Amino acid sequence: MDVYEAVTSRRAVRGFTDRQVPREVLARVLTAAAWTPSASNVQPWHAYVLTGAPLAELKKRAGERVVSGDPWDEPEYEQYPPDLKSPYRERRFAFGEQRYGGLGIPREDLEARQRAAAANWDCFGAPAALFCYLDRDMGPAQWSDVGMYLQTVMLLLRAEGLHSCTQMAWAKYRKTVAEVLAPPTELILFCGMSIGFEDVTVRDPRTGRAPLDETVTFVHGR
Ligand SMILES: Cc1cc2nc3c(=O)[nH]c(=O)nc-3n(C[C@H](O)[C@H](O)[C@H](O)COP(=O)(O)O)c2cc1C
């Protein structure tokens, strides 16, 4: 698979089969992903990879919280600016419409939306998951490095025939994740990532992108 194909075939997949992901494949992907660049090569990512019983235990604990209506853990970082301005607000709105509209859930049916969102904490059925932490002292440049790391992981997963879904939703249950992973207290959970083979019967519509001239400015010389 060439890089263009890896980039364009990567999607947030929200339905996985129970086919196991071999440990050596995950190790190969994460060994290559370690070559992700970072400012001054500080490599600020801390990845925890779960499969089998520990992942089942995490899903069980998270599922119990969903069922009991347990409130989310207080956030350790702001997922979006409180007053998301244009054009980002409209893009976020359009995503919500597409995601939940695609499932036949009307905007006003908050309960059905929450039910659909709850699939996050089952990792959409995935048999493997990665949890990405970084030191809480790190600044915006290091958070950006971590983003690059995650994209590198996702592209390498494509090369292995695997799919993924990055999930900030896991930060809402960060204490449950910490119960299972026991990370050092100086680490902050950015997100989880479900990993596995796509269940092609659960296809989301493909998300669109803003036209190129909204996000890219070419300044040509001669
Ligand atoms: C940092 C990050 C966090 C995300 N969190 C979630 C999440 O919690 N749940 C979810 O279903 N999708 C999540 N997504 C997936 C995005 O909704 C998705 O990437 C975006 O809509 C673009 O669609 P695509 O990835 O299919 O191209 C997240 C993506 C990123 C990069």
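Which residues does the UniProt annotation "domain: Nitroreductase" cover?

1. According to the UniProt record, an unreviewed entry, this annotation covers residues 8–196. The model discussed here is predicted.

2. Strand β4 comprises residues 187–196 and is mostly covered, since 7 of its 10 residues are buried. The student may wish to locate this strand before reading on, as the next two points refer to it.

3. Strand β2, residues 128–135, pairs with β4 in the antiparallel sense, and 8 bridges join the two. Within this pairing, Cys 132 has Cys 191 of β4 as its bridge partner. Cys 191 also belongs to the residues around the ligand.

4. Strand β3, residues 163–167, likewise pairs with β4 in the antiparallel sense, here over 5 bridges. His 163 stands opposite Gly 196 in β4. As a general point, side chains in a regular strand alternate between the two faces of the sheet.

5. Which element gives the largest share of the shell around the ligand? That element is β3, which contributes 3 residues. Cys 165, Thr 166 and Gln 167 are among the residues around the ligand, and β3 spans residues 163–167.

6. The remaining members of the shell include Arg 11, Ala 12, Arg 14, Phe 95, Asn 120, Met 168, Ala 169 and Thr 207. Sorted by class, the shell has 6 nonpolar, 4 polar and 2 charged residues.

Definitions and conventions
Residues numbered from 1 in each chain as written. Predicted model: local features only at pLDDT ≥ 70, side-chain atom pairs only at ≥ 80, totals over all residues. Buried ≥ 20, exposed ≤ 12 C-beta atoms within 10 Å, placed from the backbone. Helix = DSSP H or I, 4+ residues; strand = E, 2+ residues; numbered from the N terminus. Pairing = 2+ DSSP bridges. Near = placed C-beta within 6 Å. Nonpolar A, V, L, I, M, F, W, Y, C, P; charged D, E, K, R; others polar. UniProt positions renumbered as here; feature names shortened; annotations may be inferred.
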